[in-house]
Amino acid sequence: MAAKTKNNQDGETRRDFLQLTAGAFGAVGAGAVAWPFINSLNPAKDTLALSTTEVDLTPVEIGQSITVMWRGKPVFIRHRTQEEIEEAREVDTADLRDKQTDEDRVEKPEWLVLVGICTHLGCVPVGQKNTEPRGDFGGWFCPCHGSHYDTSGRIRKGPAPKNLAVPPYEFTSDTSIKIG
Amino acid sequence: MASGPREKFDNPVVEWIDSRLPVFTLMNKEYGVFPTPKNFNYFWNFGAIAMFMLVTMIVSGIVLAMHYTANVGMAFDSVERIMRDVNGGWLIRYIHMNGASFFFIAVFIHMFRGMYYGSYKQPRELLWILGVVIFLLMMATAFMGYVLPWGQMSYWGATVITNLFSAIPLVGEKIVTLLWGGFSVDNPTLNRFFALHYLMPFVIFAVVFLHVWALHVTGSNNPAGIEPKTKKDTLPFHPYYTMKDTFGLLVFIIVYALFVFYAPDYLGHPDNYTPANPLVTPAHIVPEWYFLPFYAMLRAITFDIGIPFTDITIISAKLGGVLTMFGSIALLILLPWLDTHPIRSARYRPLFRTFLLLFVVVFVFLGYVGSQPADATLGPLPLSVFGLLGTAYYYGFFLVILPWLSKNEKGRDLPASIHESVLG
Ligand code: HEM
Ligand code: FES
């Protein structure tokens with residue numbers, strides 16, 4: 001009788017082990033099958049292929065701004081005036097919510113390139129035209145929940161947590177850039 | 001669905017089927033002779049009404065899907081074509097559009113009924129939770145449906161709501177890209193939303209089935225909030241409640257039809273008749289009315305929560321808003337354990353009744369706050385202050401008032417039986 005119980009117990013631990021390993025393999029297998037399905041929802045190759053945009057800057061006069069599309073998003077390019085550059089550089093970064101110097105945000109001081117998406121909940125701020133409101137700091141103003149951005153696209157007032165993003169870009173010549 | 005002893009049917013065809021698959025026995029047991037408390041008031045109609053609305057949405061939706069094109073270049077025009085060229089298309093679309101609103105009206109009233117009469121309490125906790133799950137699925141379905149016509153509100157609503165997930169620390173941005181299938185709301189997003197919008201109502205249907213199954217295990221609650229004890233306390237479901245439900249449903253349909261035929265766009269937003277434009281945000285983004293109270297809670301948190309006197313932020317305003325909004329639904333799931341008072345019905349709990357009615361007022365007021373621009377004011381104060389106060393009451397009701405009342409409210413004497421409570 002006692003021997004039998006012992007045997008039983010032995011069987012039990014072996015069974016536990018087999019069940020655990022089978023379960024673990026099953027879980028890993030299920031995950032491995034699920035992944036391609038989930039990953040198929042990530043950006044497809046053609047979507048990724050659209051992820052660079054070339055822009056010719058020659059027609060943009062000083063003080064003017066243009067909006068181009070990059071990855072389905074608006075990108076703001078502003079040909080800044082001397083005053084705008086100075087204004088952006090005079091600010092003490094310690095006072096900023098998202099501390100960044102203007103120098104860190106531009107390749108060439110006269111060209112400011114930004115993703116035109118408010119970092120709060122994704123609206124497009126206004127201020128691209130001289131006739132539009134530009135908020136208290138002369139840059140852009142987001143009407144959705146009232147975020148004010150300065151002439152470097154930095155958040156100065158309102159609910160947005162971050163500065164307007166600077167997309168990756170490079171100058172391919174003196175007057176053209178490639179975004180992305 | 002057990003195949004226990006079965007009574008024979010007279011009709012030979014019915015009997016032939018039933019002896020092989022007892023569907024008639026099942027229907028008769030659950031909807032024919034099913035013993036139902038005899039004191040139901042009209043609040044008990046809204047379950048059946050919600051069921052009717054679900055079927056209406058599925059039928060009208062399938063027909064719409066036969067004419068609709070889920071592509072950013074064509075979606076808006078295909079909906080306009082439904083409105084102008086498809087035979088009776090305008091009617092089908094207005095039935096679907098207003099149907100979503102009336103579905104929510106029915107479900108809000110249904111949920112209020114559950115709260116007022118304590119239907120979430122033991123032994124109906126799971127029944128209640130399944131209801132909250134249905135509510136969540138409905139919100140997701142309606143949100144994705146609203147994106148399909150690809151108007152300005154569709155586009156910007158989708159942008160703002162999907163961006164909420166970017167508040168999640170570390171993986172937020174990745175999740176948002178995964179949701180979009182790109183770097184902004186675009187064609188891949190529209191396509192998957194359409195696929196899910198088609199699927200989810202059927203998932204809802206399955207959960208409704210579980211919800212009704214659970215209901216038929218515990219039986220219905222009733223306005224007195226006490227269990228039926230004798231035969232005197234109940235009536236067979238048919239014909240008593242089939243008739244009462246039909247009558248209430250007809251009244252509801254009349255009101256619904258008034259909107260469909262005479263004010264089809266009253267509950268909607270004119271901006272959604274402008275095609276989506278990723279470069280221009282409408283001046284004032286508002287969700288559909290049934291989301292407004294939750295939207296107000298999202299916007300109520302306008303401040304970072306961090307360690308005092310340092311620059312360290314633990315929860316940013318954005319994340320705080322998102323947590324507050326989703327938390328408000330999580331509280332509903334926890335409700336059976338937050339209110340543990342032995343008396344179910346608010347009829348016999350005057351204090352609970354007062355706080356609950358105030359809760360309803362606050363909830364509606366939050367809806368008003370959610371409908372206003374973010375910089376609106378009420379009197380001398382910014383409206384967001386009231387949004388915060390309302391949110392505080394919402395949370396306080398669940399987390400402070402209900403547990404406190406559970407311990408301290410005395411309550412009135414309960415009637416001895418349902419029969420007695422009806423006789424007065
Ligand atoms: C829980 C049930 C459902 C809800 C709450 C719901 C909600 C909505 C909403 C709010 C809209 C936007 C209406 C507008 O503003 O134009 C919509 C559109 C749409 N829905 Fe549904 N729906 C449901 C079920 C279904 C089903 C089952 C289908 C298809 C099988 C469907 C197909 C469509 C289509 C094709 C559109 C786009 C046409 C249009 O905008 O009118 N829906 N839905
Ligand atoms: S989205 Fe710009 S302030 Fe909210």
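A polar contact is a pair of N or O atoms within 3.5 Å. Keep that cut-off in mind, because a distance of 2.7 Å between a polar side-chain atom of B:R93 and an oxygen atom of ligand 1 falls inside it. What you're looking at is a predicted model, and the predictor gives the complex an ipTM of 0.77 and a pTM of 0.89. Here's a quick tour, starting with the ligand and ending with a few backbone details.

**Where the ligand sits**

- Look for ligand 1 in the largest cavity.
- Four helices of chain B each give two or more residues to the shell around ligand 1: helix 3 (46-65), helix 5 (89-116), helix 6 (125-147) and helix 9 (187-218).
- Helix 3 of chain B gives the most to that shell, with 6 residues.

**Who surrounds it**

- In total, 24 residues surround ligand 1, and the closest are B:G61, B:R93, B:H96, B:H197 and B:Y198.
- Sorted by class, the shell around ligand 1 comes out as 18 nonpolar, 5 polar and 1 charged residues.

**Polar contacts to the ligand**

- B:R93 has a polar side-chain atom 2.7 Å from an oxygen atom of ligand 1.

- Chain B averages a pLDDT of 94.
- In chain B, 98% of the residues score at least 70.

**How chain A is divided**

**Backbone details to look up**

- Going from B:Q122 to B:P123, the peptide bond is cis, with omega near 5 degrees.
- You'll find B:P123 in the loop between helix 5 and helix 6 of chain B.
- Another cis peptide bond runs from B:H238 to B:P239, with omega near 5 degrees.
- B:P239 belongs to helix 10 (residues 237-262) of chain B.
- Over in chain A, A:R71 isn't a glycine, yet it has a positive phi of about 50 degrees.
- To spot A:R71, go to the loop between strand 2 (65-70) and strand 3 (73-79) of chain A.

How values were computed. Residues are numbered from 1 along each chain as its sequence is written. Chains are lettered from A and ligands numbered from 1 in the order in which they are written. This is a predicted model: local features need pLDDT of at least 70, side-chain atom pairs count only at pLDDT 80 or more; totals for chains, interfaces and linings use all residues. Side-chain values use heavy atoms; hydrogens and water are left out. A residue is near a molecule or strand if one of its heavy atoms lies within 4 Å of it. A polar contact is a pair of N or O atoms within 3.5 Å; within protein, one must be able to donate a hydrogen and the other to accept it, and residues adjacent in sequence count only if both atoms are side-chain atoms. On a 1 Å grid over the protein atoms alone, a cavity is a set of points where a 1.4 Å probe fits but cannot get out, and a pocket is an open set with protein on both sides within 12 Å along at least five of seven lines; lining residues have an atom within 4 Å of a point. A molecule sits in a cavity or pocket if more than half of its atoms lie within 2 Å of its grid points. Ala, Val, Leu, Ile, Met, Phe, Trp, Tyr, Cys and Pro count as nonpolar, Asp, Glu, Lys and Arg as charged, and the others, Gly among them, as polar. pLDDT is the predictor's confidence in each residue, from 0 to 100.
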